[in-house]
Amino acid sequence: MPFASQYPRITRTRRTEDLCGTWDFQFDPKAEGVEAGWAKNGLPDPIDMPVPASFNDVFTDKWSREYYGDFWYARRVFVPGEWRDRNVDLRFDSATHRATVYVNGVELASHEGGFTPFAARMNDAVRWDDWNYVAVRMNNVLTEQTIPLGGTATMRDGTKIAAPYFDFFNYSGLQRKVRMLATPTERVEDVSLVTSLDGADALVDFRVETSGSHQVEVSLCDPDGSVAASAIGKAGQLRVRDARLWNLRAPELYTVWVRVTDGERLVDEWYDVVGLRTVEVRGRQILVNGKPVYLKGFGRHEDSPIHGRGFDPVVNKRDFELLKWMGANSFRTSHYPYAEEQLYEADREGFFVIDEVAAVGLLRSTKNFADAVAGATGETIFDDPRIQTETLAAHLQAVRELVARDKNHACVCAWSLFNEPDFSSQAAVPYAEKVFSLCRELDPQRRPRSYTNVTRCRAGIDKCTHLADFMMLNRYDGWYVCGGPRIEDARQILIDEMHKWEELEPDKPFMFTEYGTDTMAGVHKLPSVMWSEEYQLEFFRVQHEVFDMFDWVVGEQPWNLCDFQTTEGIMRVDGNKKGAFTRDRQPKAVAFLLRDRWTQIPDYRDKQAEQR
Ligand code: GCB
């Protein structure tokens with residue numbers, strides 16, 4: 001699979017051309033496009049479609065919004081003749097959930113997985129100095145063998161719609177940027193950086209892969225642009241004296257330049273913007289640059305009105321402004337890898353990102369929010385042989401692509417390898433072991449790894465906690481469990497469970513990666529009832545009182561930053577309403593409660609010392 005981890009850059013040797021804008025678009029419900037020659041002859045009856053965007057919410061009819069099956073994007077692209085001696089690639093930052101790329105009717109590449117980039121090499125099919133027809137056949141169907149998992153519901157007239165095993169809308173299409181890249185045939189293919197600290201200095205171990213054998217030069221420029229260290233060779237170590245470290249909410253950024261040279265001739269040049277920091281779990285703390293942190297932030301979604309999951313820099317910016325206003329310092333990329341631009345923004349803003357692979361739905365259910373809390377019973381999804389083979393293979397590939405793409409980001413401080421898997425059966429253990437060990441093997445920085453534990457696999461039921469370097473809990477005691485007038489029971493249930501964890505995992509830090517209540521902005525009631533803003537406040541107060549009882553709870557990320565779209569059903573009112581903000585990014589009362597709390601809690605916080 002042709003995945004393309006390196007972020008596109010323009011340098012003295014590289015060019016990129018933005019292919020965002022209006023593309024041709026057509027549904028292909030009978031999957032006849034390939035045979036009918038759409039890739040070569042053109043889409044027979046296309047409409048305009050903006051890229052990037054999810055296609056779903058631009059339509060005014062239900063059939064189109066819910067469309068589930070094959071669909072095509074196409075456009076003409078002019079390829080300059082002076083690129084003849086280069087590699088010319090089409091780079092898709094994502095194509096949800098799978099795509100096959102054709103140029104002038106020639107099939108060039110296919111990619112599976114809707115949230116990581118891939119490239120199609122055009123050279124063998126291209127007409128130089130001329131217009132070329134690019135067609136992309138896509139498909140958004142989910143099964144139990146895809147990451148994320150889902151199913152299909154068939155209506156009486158045969159129409160198929162998505163039945164996702166997760167609680168967000170199955171937004172689809174070319175949802176991120178598309179670019180054409182021209183790079184030298186001998187080029188930098190991959191760079192890995194690992195920072196360690198030596199007094200005031202940072203030591204940066206580097207490893208470079210190129211597609212040739214010419215000399216490699218690596219240099220690191222400090223935030224002011226002066227060369228701080230440089231070295232020759234494909235692997236080595238740079239010493240940065242008096243390093244300006246990347247810290248939580250106080251980031252400093254260096255630029256790493258990687259050059260391939262042939263004597264005086266520059267063969268290739270690529271750069272990346274990086275932060276120097278360490279991250280580790282020690283005892284019951286998470287340390288950044290050796291100092292314990294307290295994580296405050298949210299589980300989020302890439303979701304906004306009309307754009308759906310389409311990359312939108314304005315919404316992203318607003319979300320970062322909301323996070324900063326709240327005193328947050330972190331977020332989880334629930335439930336899939338986010339656009340690369342979001343990670344660069346998090347690097348620049350100094351956010352601790354828990355980077356999640358799209359492994360959501362490993363729990364046999366089409367409404368996981370409801371079944372997730374029901375007691376574990378009988379056979380689990382991991383007892384299914386196809387899960388252990390095909391789904392595992394897709395999952396491992398998703399981990400490969402995630403780590404390859406994000407391994408040099410300073411903001412990425414931990415990996416989330418599953419969201420709410422059904423780890424109640426022993427059959428889950430070998431599967432999870434493979435995922436955890438692949439991640440460790442691939443990540444040069446050996447970042448902490450974890451997964452979110454689901455209520456149904458509470459303390460004592462989950463069989464995989466030994467694999468996690470720290471534990472992440474998603475808990476809804478006071479919402480799905482003992483809501484409304486029973487909130488004090490919910491408090492006790494949570495406290496009892498925490499005591500149990502204390503016994504079972506006495507050496508691990510814990511954090512809450514989901515807790516929250518659906519709340520309709522503007523619904524008020526005294527005394528509170530579920531769905532009112534007052535109940536959301538009450539629920540959060542109870543949760544925080546419990547978190548504060550345990551010095552090994554080192555982070556809190558409520559669910560969710562904003563309300564977001566889901567599939568329809570009796571549990572959802574035009575989507576999930578657990579946001580601290582509405583879908584159009586305006587605060588509910590709880591946003592002020594969180595802001596008051598978080599602006600009092602420092603980013604670097606030794607909770608154990610405080611409670612001694
Ligand atoms: C969860 C899931 C999340 C749902 C949330 C909810 O446990 O991880 O995707 O949206 O619960 O609101 O039910």
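## Domain contacts and ligand site

Between them, domain 1 and domain 2 bury about 920 Å², with 41% of it on carbon and sulfur atoms; buried area is the accessible area (1.4 Å probe) that two parts lose on being put together, summed over both. This is a predicted model, in which local features need pLDDT of at least 70 and side-chain atom pairs pLDDT 80 or more, while totals for chains, interfaces and linings use all residues. Residues are numbered from 1 along each chain, and side-chain values use heavy atoms, without hydrogens and water.

The domain assignment (automatic or from a database) gives domain 1 (2-183), domain 2 (188-274) and domain 3 (288-611). The centres of domain 1 and domain 2, taken over C-alpha atoms, are 34 Å apart. Nine residues of domain 1 are in contact with 13 residues of domain 2, where contact means heavy atoms within 4.5 Å.

Three salt bridges are counted between domain 1 and domain 2 (a side-chain nitrogen of Lys or Arg within 4 Å of a carboxyl oxygen of Asp or Glu). Arg-14 and Asp-268 meet through their side chains in a salt bridge, at 2.7 Å from N to O.

Around the ligand there are 14 residues, of which Asp-167, His-335, Glu-420, Tyr-480 and Lys-578 come nearest; near means a heavy atom within 4 Å.

| Residue | Distance |
|---|---|
| Trp-559 | 3.0 Å |
| Arg-572 | 3.1 Å |
| Asn-576 | 2.8 Å |

Taken alone, the ligand exposes 320 Å², and the protein buries 98% of that (Shrake-Rupley method, 1.4 Å probe).

Note on methods: A polar contact is a pair of N or O atoms within 3.5 Å; within protein, one must be able to donate a hydrogen and the other to accept it, and residues adjacent in sequence count only if both atoms are side-chain atoms.
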